[in-house]
Amino acid sequence: MSGRGEMVEVSLLELAHARSGDKGDTANVGLIVYDEEDYDIIVKQVTPEQVKHHFKDMIRGEVERFRLDNLCAVNFLLHGALDGGGTVSLKTDAQGKVLSTALLRMKVEVPREVAGRVRGRGRLPTGTAGEGG
Amino acid sequence: MSDKGAPSSGRPGRVRVASGQGFWGDDLEAPVRQIEGGQIDYLMLDYLAEVTMSIMQKQRSRDPRAGYARDFVALMERILPACIERGIRVVTNAGGVSPEECARAVAEAGRRVGAGGGARIGVVTGDDLMDRLDDLASAGHPLAHMETGEPLASVRDRVRSANLYLGARPIVRALEGDATVVVTGRSTDTALTYAPLVHEFGWSWGDWDRLASGIVAGHINECGAQASGGNCSAEWWSIPDLSEVGFPIVEASPDGSFVVTKHSGSGGAVSLRTVKEQILYEMGDPSIYITPDATADFTTIRLEEDGSDRVRVHGVRGAPPTDYLKVSVAYGAGYKAVGTLVYAWPDAAAKARAGARVLRERMDRLGLAFDQVLVELVGWDSTHGHLAGHPPPDIPEVQLRVGVRGGDRAAVERFTREIAPLVLTGPPSVTGFSGGRPRVQEIVAYWPALIERTAVEPKVSVEVREL
């Protein structure tokens, strides 16, 4: 154990994957950690208040959070995120399909050894076939 | 019906329910791959999303014989003979707002391809409340909006469709009547998967844990390939062969536990990651996932890898349903239009914003009033908003996308005539106006409500007849 080791910043993209969807004018974002040992970091730092602060004026209503400890995942409800939602919305992303990645931009603080383990995750490794056409 | 039968009870030891469509417009070849790729017992086809019913309603208002997913009829023409031959039963909500017309079209398609031979089709009706709204209102059912609490009366004259979400019971009745194909209107998506399990395993309607497990199975199946590698954000580049992605198959046991898998040799992947992402999709409070038949607690789900492309799901706990059923109402809510133009380097984003300003000033001068005007720069901030930061001056191009919404159709119509002039009268290096004027769309909005079961359940009807 490193005790009170140095903390460094990583993006949520490196700790978790996510999927988002809609229910009326509310978007949901399910956030799932890659490694179960990182679940506590998410629970402590990715709070409804922090998520609301992250999205700022992209969300008109409140943010709710539900824990799924069984899956090492949390579910966020972003109320008033979709300009009325469904057929009403004028947004390109009227159904909140890519708000998942917008949440994954958020920064969290982790011990340096965690950062070393997760660094670069979530991004296409350079030189992979996925870059081609 | 299924393999590993337990002769003593006449019940199967395992039932395989394959997902074939996750929405109306999904991969047309997927159900064919499910039929041809290996052994399955049931094929479930989900065609309905919240907005789909109102689209189908619009189609029915133009043609009384329309209002269902026509794709389903074409599909049955292809696969019905194979389904009958191999004992695969099909459960679908393709009926939309016209389940009877849909069933008739399927029967005709069946005759065209020589399917029949005693095969039966079941039709579930009674979810359509459109003709009963005033009776229900006068009987004291306000159908208040679930979020705002407003009574439906405030938009009554603009209601386009109103449908109950039905659960698994009517589908099970159709299966008991030996239907090879069951067509419903607005059934819950999950019921299409667990109704076969209730029927095959003889689960009791009070067995909340097994029903809840079936609901989880249904939730995993209902969006097709989203459970088997499609739209998976975890190392998406490593998921193989999405062009022939294998849609999910739920392989259920009598105790309610099940394995999510796909046909061997198909593309995609079934892993803890793909299944977890789908479990969380469109989730509200995970501890109370309400359906007409039971309430499932998604925080009790246990997942384990069970070999390659197999995830075992067990431990799900359930509780009784509520005394209410959900109603999905669609109503006219004004008009909208969206126009786009593309601005090129240099200073593409600044030009696009300047173009939007010119447009807004012109609309103001014309006295056009809207409930909402939304300006987005596609290629910069249309999906991540302020999180995208400021666009660099060297951004090669952006698409300016302006949307307006309001109750005045004429104002929205006039907006659509203000886009093209920007090409010659606004900031330079602009193009991409090839599709003509934007289209004015009528907005048909969604109004979720609840109603007491006792007021509506008696009208639900199931008819099973020869194809």
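Predicted model: local features only at pLDDT ≥ 70, side-chain atom pairs only at ≥ 80, totals over all residues.
Local features are taken where pLDDT is at least 70 and side-chain atom pairs only at pLDDT 80 or more, while totals for chains, interfaces and linings use all residues. Residues are numbered from 1 along each chain as its sequence is written, with chains lettered from A and ligands numbered from 1 in the order in which they are written.

**View 1. Where chain A meets chain B.**
The contact draws on 35 residues of chain A and 44 residues of chain B; two residues are in contact if their C-beta atoms, placed from the backbone, lie within 7 Å. On the chain A side, the elements giving two or more residues are β2 (16-23), β3 (26-33), β4 (63-68), β5 (73-78) and α3 (99-104) of chain A. Helices (H or I, at least four residues) and strands (E, at least two) are DSSP runs, numbered from the N terminus. The most is given by β2(A), with six residues. Sorted by class, this side of chain A has 13 nonpolar, 13 polar and nine charged residues. Here Ala, Val, Leu, Ile, Met, Phe, Trp, Tyr, Cys and Pro count as nonpolar, Asp, Glu, Lys and Arg as charged, and the others, Gly among them, as polar.

**View 2. The domains of chain B.**
Chain B is divided into domain 1 (15-127 + 165-322) and domain 2 (333-445), with bounds that come from an automatic or database domain assignment. Taken over C-alpha atoms, the centres of domain 1 and domain 2 of chain B are separated by 40 Å.

**View 3. A ten-stranded sheet in chain B.**
What is the strand order of this open sheet of ten strands? Reading across, it is β11-β12-β8-β7-β1-β2-β3-β6-β4-β19 (chain B), with mixed pairing; two strands pair if DSSP finds at least two bridges between them. β11 (302-305) and β19 (461-466) of chain B stand at the edges with a single partner strand each, so one side of each has no neighbour in the sheet. On average, neighbouring strands are turned by 20 degrees against each other, direction ignored. For angles, axes are lines fitted to C-alpha atoms, for helices over the stretch in contact, and angles run from 0 to 180 degrees between N-to-C directions. Within the sheet, β1(B) and β7(B) pair in the antiparallel sense over four bridges, and Ala18(B) has Ile249(B) in β7(B) as its bridge partner. Helix α9 (residues 272-280) of chain B packs on the sheet, touching β8 (258-261), β11 and β12 (311-314) of chain B. The direction of α9(B) makes about 155 degrees with that of β11(B).

**View 4. Helix α7 of chain B, buried or exposed?**
Eleven of the eleven residues of α7 (residues 191-201) of chain B are buried, so this helix is largely enclosed by the rest of the structure. A residue is buried if 20 or more other C-beta atoms lie within 10 Å of its own, exposed if 12 or fewer, and partly exposed in between, with C-beta atoms placed from the backbone. The buried residues include Tyr194(B), His199(B) and Glu200(B). They pack against β1 (15-21), β2 (42-45), β3, α6 (169-176), α8 and β7 (249-252) of chain B. Just after α7(B), look for Gly202(B), which takes a positive phi of about 65 degrees.

β9(B) joins β10 (residues 295-297) of chain B over two bridges, and Tyr289(B) stands opposite Ala296(B) in β10(B).

**View 5. Two loop residues of chain B.**
Gly87(B) lies in the loop between α3 and β3 (89-92) of chain B. With 11 C-beta neighbours inside 10 Å, Gly87(B) counts as exposed. Gly87(B) and Asp41(B) are 46 residues apart in sequence, and their C-alpha atoms are 7.0 Å apart. Val460(B) sits in the loop between α13 (453-456) and β19 of chain B, and counts as partly exposed because it has 18 C-beta neighbours inside 10 Å. Setting aside residues up to four places away in sequence, Val460(B) touches Gly126(B), Leu166(B) and Pro170(B).
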